[in-house]
Amino acid sequence: MFKPKPRPPAKLERLQKILAAAGVASRRKAEEMIEQGRVQLNGKVVTELGTKPTPAAITSASTASCSRGAERLRYFVLNKPRGFVTTVKDPEGRPTVMQFFDKMRERLYPVGRLDYMSEGLLLVTNDGELANKLTRASAGVEKTYLVKVAGIPNEDQLDILRAGVAIEKGKPGSGKVRTSRPASVRSARATIPGTRWC
């Protein structure tokens, strides 16, 4: 009598990867949480980074949420309109881009930032690993901006931008980071007398 071959066991993922896939945190942040004893598996604190559990009943003590295994990864490309902030919640009560995803069951978050009055391409996902790769400065992901400025900048002024500028990391007072350099900056076109696109 023919007997079917038993299925190979499912490939087990590391705990930090499961947490990242579930949208709890980026993989790097999940590793920190594990090392700090802030993650429980079936009621027991886990501190070993190499732990490979079945993706079920993983509780993050820091968020008091149960991931119930890895969620389906979702990716959305949004043409962000003006008048929205690119955060999950805004302490000032301004509308956020997450209002466009109210009916989604997954825990989504925007990747990167566009200012309140800026518009343009924005990725929204629950893929923490991808988000970390795209936003980490060392990844070298290029970004393109079209900016209207008052006046017509000369080459010396454009050279300042090409050399990189210091911007806030996040909240005011949290320190600054220098943008990647050299940057490619060029004057595009004038639409209104006295202004220029760069």
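**Around Gln36**

Modeller: Let's start with Gln36, which is found in the loop between α2 and β1 (39–41). Keep in mind that this is a predicted model.

Biologist: What does the side chain of Gln36 make a polar contact with?
Modeller: The side chain of Arg38, at 2.8 Å.

Biologist: And how far apart are the C-alpha atoms of Gln36 and Val46?
Modeller: They are separated by 9.2 Å. Along the chain, Gln36 and Val46 are ten residues apart.

Biologist: Back up to α2. Which of its residues are buried?
Modeller: Helix α2 covers residues 27–35, and its buried residues are Ala30, Met33 and Ile34. Looking down the axis of α2, these fall within an arc of 100°, so they line one face of the helix.

Biologist: Why would residues three or four places apart point the same way?
Modeller: Because an α-helix has 3.6 residues a turn.

Biologist: What happens just after α2?
Modeller: Gly37 takes a positive phi there, about 75°.

Biologist: Switching to Gln16. Where is its place?
Modeller: Gln16 is in helix α1, residues 15–21.

Biologist: Is Gln16 buried or exposed?
Modeller: Gln16 has 4% relative accessibility, so it counts as buried; the cut-off for that is under 20%.

Biologist: What does the side chain of Gln16 reach?
Modeller: The backbone oxygen of Leu49, at 3.2 Å.

Biologist: Which residues is Gln16 in contact with, leaving aside neighbours within four places in sequence?
Modeller: Arg27, Ala30, Glu31, Ile34 and Leu49. You have met Ala30 and Ile34 already, as buried residues of α2.

Biologist: New topic, the sheet of three strands. What order does it have?
Modeller: The order is β5-β7-β6. The sheet is open, and the pairing is antiparallel.

Biologist: Which strands stand at the edges?
Modeller: β5 (75–80) and β6 (109–111). Each has a single partner strand, so one side of each is left without a neighbour in the sheet. On average, neighbouring strands of this sheet are turned by 40° against each other, direction ignored.

Biologist: What packs on the sheet?
Modeller: Helix α3, residues 128–135. Helix α3 touches β5, β6 and β7, and its direction makes about 30° with that of β6.

Biologist: How many bridges join β5 to β7?
Modeller: Six, and the two strands run antiparallel. In one of the pairs, Tyr75 has Thr125 in β7 as its bridge partner.

Biologist: And how many join β6 to β7?
Modeller: Three, again with antiparallel strands. Strand β7 covers residues 120–125. Pro110 stands opposite Val124 in β7, and Tyr109 stands opposite Thr125.

Biologist: How many of the six residues of β7 are buried?
Modeller: Five of the six, so β7 is largely enclosed by the rest of the structure.

Biologist: On to α4. What caps its N-terminal end?
Modeller: Asn154 does. A side-chain oxygen of Asn154 lies 3.1 Å from the backbone nitrogen of Asp156. The helix itself covers residues 155–162. Just after α4, Gly164 takes a positive phi of about 95°.

Biologist: Now zoom out. What does the secondary structure of the chain come to?
Modeller: Four helices and eleven strands. The chain has 198 residues, and 28% of them count as buried.

Biologist: What does the accessible surface come to?
Modeller: About 14200 Å², with 53% of that belonging to carbon and sulfur atoms.

Terms used:
Residues are numbered from 1 along each chain as its sequence is written. This is a predicted model: local features need pLDDT of at least 70, side-chain atom pairs count only at pLDDT 80 or more; totals for chains, interfaces and linings use all residues. Side-chain values use heavy atoms; hydrogens and water are left out. Buried means under 20% relative accessible area, exposed over 50%, partly exposed in between (1.4 Å probe, protein chains only). Accessible areas come from the Shrake-Rupley method with a 1.4 Å probe; for residues, only the protein chains shown count as cover. The arc is that of the directions from the helix axis to the C-beta atoms. A polar contact is a pair of N or O atoms within 3.5 Å; within protein, one must be able to donate a hydrogen and the other to accept it, and residues adjacent in sequence count only if both atoms are side-chain atoms. Two strands pair if DSSP finds at least two bridges between them. Axes are lines fitted to C-alpha atoms, for helices over the stretch in contact, and angles run from 0 to 180 degrees between N-to-C directions. Contact means heavy atoms within 4.5 Å.
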